[in-house]
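This report goes through a few local features of the structure shown below.

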Amino acid sequence: MAESSKRPHSAPSLDPRLTHAHQLVRKADKLTTLSFFNWWPDWTQATPLYEQAATAYKLAKMLEEAKTCYEKAATGQERLSSPWTAGKHMESAGALAKELGRIDETVVLYRRASELFLECGKAQPSADVLGRGARAVEDESPEVAIRMYLDACAMLEEDGREQMAFDTYRAVVNLYIKLNRFKDAAALLVRWGQAADKCHATQSQCKAYLSAIIVHLYDEDLKQAQQCYNDCSQMDVFYKSDQGETAEKLLSAYGEESSDEIKHVVDSSYIIPHLDHMIVRLAKQLPKGELKTIFPVEPSDDKLNEDDLT
Amino acid sequence: MSVIDILTRVDVLCKKYEKYDLDRQREEDAAVSGRDEFAKLYAAIEADIEATLQKAEEAKSEKDRATVATLNSGVRRSKAAIRAEIPKLQKLAVKKVKGITKEEQASRPDLVEELAARIDEISDGITGNLQNPMWGGKAGVSKPMEIRVDTMHPDDLMRPEHFEATEESTGFRQEFQARKTRQDQGLDVIAEGLATLKNMAGDINEELNKQAPLIDEADNKIEQAAADLKNTNVRLKDTVTKLRSNRNFCIDLILITIILGIAGYLYSVLRPQ
């Protein structure tokens, strides 16, 4: 066989399977490509052939061929009006594309898979597959990954399943922190808190708010942190919770401008170690930066002179 | 016998039983105590004690509260006065005096102690009520450190040694502090454990809330699938029965035999003769 000469490393035992796979592909192609003799592509027969060939290629670690086969199988399933299986095949193709290192293609494939699942009317798997795709590409292209994550969250929220979105939120927050985009991270944490509020997950809500305040403080933005705390304490749940108390203690320690006090609050707290590990890492590094820069010297109120009676 | 003999005999007898002569003794004592300050003071104090006891008895039998109070205060005053004499007596007790035996000399300090105790015992309306230990339930068990309330006499409070820290009290204070610190440490550990438990419980609660609707959905779908399966099974059974029932089988066999018979007959007819 011509193909076997290209792969001197493949074991002899695999070769018959590979040849079989090649045969399948060729047969399926013949069935599907339009030609003079073939007016209607026969997807019913071709799709299982493609699926078999794809599994064989995957076992043989011939990713390129496997990916192509999966894509064709997905198209077949689609034509056979089973978008569910089509979506599954697309996802497999996307995973292989990621292994091949083709990020753009990966993104395209995963998005297509998610659309297919939406066609079924199933939002949960659609969001799941977007999440998996985002995780696959987050190392190489974080922006795209963030987009995908946020789309997944939006999808779940539309469907009314906010609780499922918590994991996705967590992934995005970690990504933001890795990218040092603290303001975005804090904003997203507040959004996460809002989602938790809708489904009455008070524990997650309070943790999210506390994490937001800590992120602001890590970003050396005391004013934002205080504003955040004020906003969040409008909610009784947070105000009366342990997390709210810890936040208050932390902010008052900052108000006293003593880094020892801040460190003491963080170390002796029983609440902070139970937050997400990235947030705990940030908290352990508080107070970050010079305290003087956090507390800008206010312009003195000399204008309001006591002796000035005008 | 002559008068002189009788006189001599009487003298001998008297000398022999001299010590039983009370009047004589008293005279001698008076002669000795003329020089013995201790004895004089002792006698004086004893007389005072008697008088005070008398007053105390009166106070006990009095019904009128005001009179009782007055008498009690009088008793207290006398007690205080007598107590003030005790130190003087103690000093005299150790002084050597001629004319008394060695044993008496030795016993004098004890006498002084006894006298002091008697003074304390005189009830003056304060100590009489509160001689019992406050922990009535443990009557009969005398602990080394019984706790009494309000048994401090005003004189005791005035003594400078009263407020100093003794060894016992400092030791007790240190032990108390040490135990308190250990308790605090233990409580800290418990608090940390409880906080972890609370966190875990909250998370589990949320997780369960998240999964409850999922399980309900899965439950519904499985019910649906089970119903479908049951349906299909019944239909399959019907079909198979229809296909392979015995009656149909026999009919099939008979028909096949008839056809074979007809075919054989035709063959035999059409075979070239």
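## Transmembrane annotation in chain B

Residues 249–270 of chain B are 100% helix and 0% strand, with the end C-alpha atoms 31 Å apart. Helices are DSSP runs (H or I) of at least four residues and strands are runs (E) of at least two, numbered from the N terminus. An unreviewed UniProt entry annotates residues 249–270 of chain B as "transmembrane region". UniProt positions follow the numbering used here, feature names are shortened, and annotations may be inferred rather than shown by experiment.

The model is predicted: local features need pLDDT of at least 70, side-chain atom pairs count only at pLDDT 80 or more, and totals for chains, interfaces and linings use all residues. Residues are numbered from 1 along each chain as its sequence is written, chains are lettered from A and ligands numbered from 1 in the order in which they are written, and side-chain values use heavy atoms, leaving out hydrogens and water.

## Coiled-coil annotation in chain B

The feature "coiled-coil region", also from an unreviewed UniProt entry, is placed at residues 42–69 and 215–246 of chain B. Residues 42–69 of chain B are 89% helix and 0% strand, and their end C-alpha atoms are 29 Å apart. For residues 215–246 of chain B, the values are 97% helix and 0% strand, with 47 Å between the end C-alpha atoms.

## Helices 8 and 9 of chain A

Helix 8 (residues 142–159) of chain A packs against helix 9 of chain A at about 155°, with the axes 9 Å apart. Axes are lines fitted to C-alpha atoms, for helices over the stretch in contact, and angles run from 0 to 180 degrees between N-to-C directions. This angle makes helix 8 of chain A roughly antiparallel to helix 9 of chain A (over 145 degrees; under 35 is roughly parallel, 65 to 115 roughly perpendicular, the rest oblique).

The residues of this contact between helix 8 and helix 9 of chain A (heavy atoms within 4.5 Å) divide into 13 nonpolar, one polar and one charged. Ala, Val, Leu, Ile, Met, Phe, Trp, Tyr, Cys and Pro count as nonpolar, Asp, Glu, Lys and Arg as charged, and the others, Gly among them, as polar.

## Helices 11 and 14 of chain A

The axes of helix 11 (residues 202–218) and helix 14 (residues 242–255) of chain A come within 9 Å and cross at roughly 15°. That makes helix 11 of chain A roughly parallel to helix 14 of chain A. By class, their contact has nine nonpolar, two polar and one charged residues.
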